[in-house]
Amino acid sequence: MTDCVLAIDQGTTGTTALLLDKNVAVIAQANVEFPNHYPAPGHVEHDVEEIWASVEAAVTAALAKVSDVNIVAIGITNQRETCLFWDAETGEAIHRALVWQDRRTADFCKDLKAAGHEESVRSKTGLVLDPYFSGTKAKWLLDNVSGARERAARGELLFGTIDSWLAWRLCGTHATDPSNASRTLLFNINTMDWDESLLALLDVPSASLPRICDNAEVLGETRDLGFLPDGIPVAGMAGDQQSALFGQACFGSGEAKCTYGTGAFILMNTGERAVPSENGLLTTVGWRLNGTTTYALEGSAFIAGAAVQWLRDQLGIINSAEEIEALAASVPDAGGVVFVPALAGLGAPHWRPDARGTFTGISGYTTKAHIARAVLEGIALQIADILGAMEADAGLRLSGLKVDGGAARNNLLMQFQADILRTPAIRPTVLETTALGSAFLAGLAVGFWVTTSSVREAWTEDSTFFPDMRDDVVEGHLAAWAAAVAKA
């Protein structure tokens, strides 16, 4: 019988279940999608019963692929800012979960900024006042669901992000971890606890909030699930991007990872110091182990893999995402074309929602291959902007960038990323690093892995892309990029 850890990776469009043995080999995995709901412009919701059905189906499908396994622990990783209230007795949600993409609290955030609260909130949370984060969503639910505020104040309703709700369904414990708590606008990253002044500002009762646990801590054991046996410890939790940082074994200050998905998420470990950003980044909790907190700087690019999908679906330049690498490699360079992937505005470090996607340098010489190459280069160049801001904030020089996510399979993109950063891009054997991180955390909690050193030893490299571009060529790319961003 093979001992393994079950990671439940609950994302925005689907749930992945992954079984990992002690040698960090993936012995089975399955993904099940579920729908998003859009009841009004700017409103994005999830039916949490549909999420739960996807969890059950994904775990069941993964287990069906193997025999003779013993699950020693369960780790949870999740879409971070999606949140809900549910009945403390029945578990029934009082409303669909409001998804991190939901913008219905934008006006309230503007009002808070106008009232002068931004700097105080940022100093305590490391975040900006934006509907992206879950605290203003909590207020909206309490204000708009009949009787919710009174019931929450009496402790009859429980609040949580998806990690907290999954833990409650799996083992009956109402808890969250610091990485998810730090994305709520309710949690003080300096005191590492819920903040009374923030709760008062957003009018959220403390009686409804989960306990803050360590990221590697046994919360309880499975019970009465049907698709899993009773008695399995639920033992690790982390928000998806922090989980990927942990899954990439970025345990030292200055170590960083980039996850290339629909967008791109870059996190840098800053050790036991919460570094305030002067360059448009977020300060966040990475994880807390045995009472010791590790912090991180975070920057997000709204568009990464989505730019490749746009070439495929809107322009028809490629028929599948996989085709872009061969097409881009068919020319030696982008022929002077520069692409700024601001299809949904520009995120960190520019924060310009009014920016728009821009091609510059197009001429009669330009072919679809040049366009394809420019799109890949634009993805890498915006990430270089974010990492430059991180290095400035942290006062650290990046020694290497660990990469993961679907687009990390693209060798041309990874080589250009290394070239433009002038530092190696390191791709792991297991690209599902969000799930991997939660598995590592759960395994540490039950002694499946003993220390983070044993986790680092278990992490394995697939490929490293070393910078191989002349400095003058790099400088030319950066100058052309800066000019194109100014036009965007």
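These legends describe close-up views of a predicted model.

**View 1. Helices H1 and H6 pack against each other.** H1 spans residues 48-64 and H6 spans residues 162-171. Their axes lie 12 Å apart, at an angle of about 65 degrees. The crossing of H1 past H6 is right-handed. H1 contributes Val48, Glu49, Ile51, Trp52 and Val55 to the contact. H6 contributes Ile162, Trp165, Leu166, Arg169 and Leu170. Eight of these contact residues are nonpolar, two are charged and none is polar.

**View 2. The largest nonpolar core holds 65 residues.** Tyr260, Ile266, Ile324, Ile383, Leu387, Met390 and Leu401 touch the most other members. Helix H12, residues 368-394, gives the most to this core, with 16 residues. In soluble globular proteins, nonpolar side chains tend to be buried together.

**View 3. Ile383 and its contacts.** Leaving aside residues up to four places away in sequence, Ile383 touches Cys258, Tyr260, Ala264, Ile266 and Gln417.

**View 4. Helix H13 is mostly covered.** H13 runs over residues 411-421, and nine of its 11 residues are buried. The buried residues are Leu412, Leu413, Met414, Phe416, Gln417, Ala418, Asp419, Ile420 and Leu421.

**View 5. The two ends of H13.** At the start, a side-chain oxygen of Asn410 comes to within 3.1 Å of the backbone nitrogen of Leu412. Arg422 follows H13 and has a positive phi, near 55 degrees.

Key. Residues are numbered from 1 along each chain as its sequence is written. This is a predicted model: local features need pLDDT of at least 70, side-chain atom pairs count only at pLDDT 80 or more; totals for chains, interfaces and linings use all residues. Side-chain values use heavy atoms; hydrogens and water are left out. Axes are lines fitted to C-alpha atoms, for helices over the stretch in contact, and angles run from 0 to 180 degrees between N-to-C directions. Helices (H or I, at least four residues) and strands (E, at least two) are DSSP runs, numbered from the N terminus. A crossing is left-handed if the near helix is turned anticlockwise from the far one by less than a right angle, and right-handed if clockwise. Contact means heavy atoms within 4.5 Å. Ala, Val, Leu, Ile, Met, Phe, Trp, Tyr, Cys and Pro count as nonpolar, Asp, Glu, Lys and Arg as charged, and the others, Gly among them, as polar. A nonpolar core is a set of buried Ala, Val, Leu, Ile, Met, Phe, Trp, Tyr and Cys residues joined through side-chain atoms within 4.5 Å. Buried means under 20% relative accessible area, exposed over 50%, partly exposed in between (1.4 Å probe, protein chains only). A polar contact is a pair of N or O atoms within 3.5 Å; within protein, one must be able to donate a hydrogen and the other to accept it, and residues adjacent in sequence count only if both atoms are side-chain atoms.
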